[in-house]
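Thanks, everyone. Let me walk you through one model, strand by strand. Please look at the screen.

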Amino acid sequence: MKKQFFFAAMALGITPDCRSATTIFFGPQQYFSEQDSPFIGGIVDNTGEGIYLENFEDGELNTPFVSGPSVGPSFGTTVRSRNPNPEPTRVRSVDGDDGVIDGDGFNGDAWTSISRVSFGVSQWMEFDFEPNDQGQLPLFVGLVVTQARDVDEEIELSWFDADGNTLFRDAEFDPREWAPPGGSGPGDPRVHRFIGLYHSEGIESLVLFNAEQVDHLQYGYSIPEPTSTGLLVLAAGGFLLRRKRSAARNLLLLLGICFWREGLEAALGPELRGEKVVSE
Ligand SMILES: [Ca+2]
Ligand SMILES: [Ca+2]
Ligand SMILES: [Ca+2]
């Protein structure tokens, strides 16, 4: 139905305002390895040319230009850094990080957030980004939520720009909706979801509520040399939303129209910055 509306709007020539910043939301999308990422075209070799991928398999958050909060109510750590001998099913890594997509990620590692007060798992998790050597904040920021802290509460993600403005207000999800038909057991990778944002003016931080473990933090500046097929997949990914608010849905549809009109390749290249759609 959404697609029908999208193409109907195209046919009618509806034109959104395409003159300033562009914001595009991706997900929630099932994820078993980086091959499932809508940013895969930019995940090359962590050279900084495209998208950095942090999979936490070395026990650290140590890809460039990102850190956990150094002050505040919580701090981040990998699950195995916190407890080198966790219970057998404790770690909720992306499935493919142990070398095989086989229905569990228990042998990998993932990121969690610890309360400085209780030293238990925090409700809040944060990633802060610094400008790179060219003074540029990442335009793409996403990750994979691999476990909710409380399945009876919504998982929320908020991205902020350098001025502290919220860039997208509708990333709130019921984790129970991510379970496959028939339900899921502990650590079932079928519940893992990639969620990401593109913002043409740069992203300075990502804050999550009610995410107990995450993995495959990915962020960067461009998706170099994207194929036309990849661009179409990427654009489609932006519409795989399970949003609850029709206003947000309509907004994303208009953003999609902007992308279509301006050309997907141009929209995803570095030349885009400062040229396009206002989101909110
Ligand atoms: Ca690392
Ligand atoms: Ca991992
Ligand atoms: Ca596995």
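Start at serine 67, which stands opposite aspartate 128 in β6. A word on the source: this is a predicted model, where local features need pLDDT of at least 70, side-chain atom pairs count only at pLDDT 80 or more, and totals for chains, interfaces and linings use all residues. Residues are numbered from 1 along each chain as its sequence is written, and chains are lettered from A and ligands numbered from 1 in the order in which they are written.

Strands here are DSSP runs of E, at least two residues, and helices are runs of H or I, at least four, numbered from the N terminus. Two strands pair if DSSP finds at least two bridges between them.

Now the pairs. β3, residues 66–67, runs antiparallel to β6, residues 124–129, with 2 bridges. Aspartate 128 also has a bridge partner in β11, serine 205. β6 and β11, residues 205–209, are antiparallel and joined by 5 bridges.

Further along, β8, residues 155–160, is joined to β9 by 2 bridges, again antiparallel. There, isoleucine 155 has phenylalanine 173 as its partner.

What is the strand order of the open sheet? It is β3-β6-β11-β8-β9, 5 strands with antiparallel pairing. β3 and β9, residues 172–173, are the edge strands, each pairing on one side only.

Last stop, glycine 41. It sits in the loop between β1 (23–30) and β2 (51–54). Buried or exposed? Glycine 41 is buried, because 21 other C-beta atoms lie within 10 Å. The cut-offs: buried is 20 or more other C-beta atoms within 10 Å, exposed is 12 or fewer, partly exposed is in between, with C-beta atoms placed from the backbone. Serine 222 is 181 residues from glycine 41 in sequence, yet 9.1 Å away in space, C-alpha to C-alpha.
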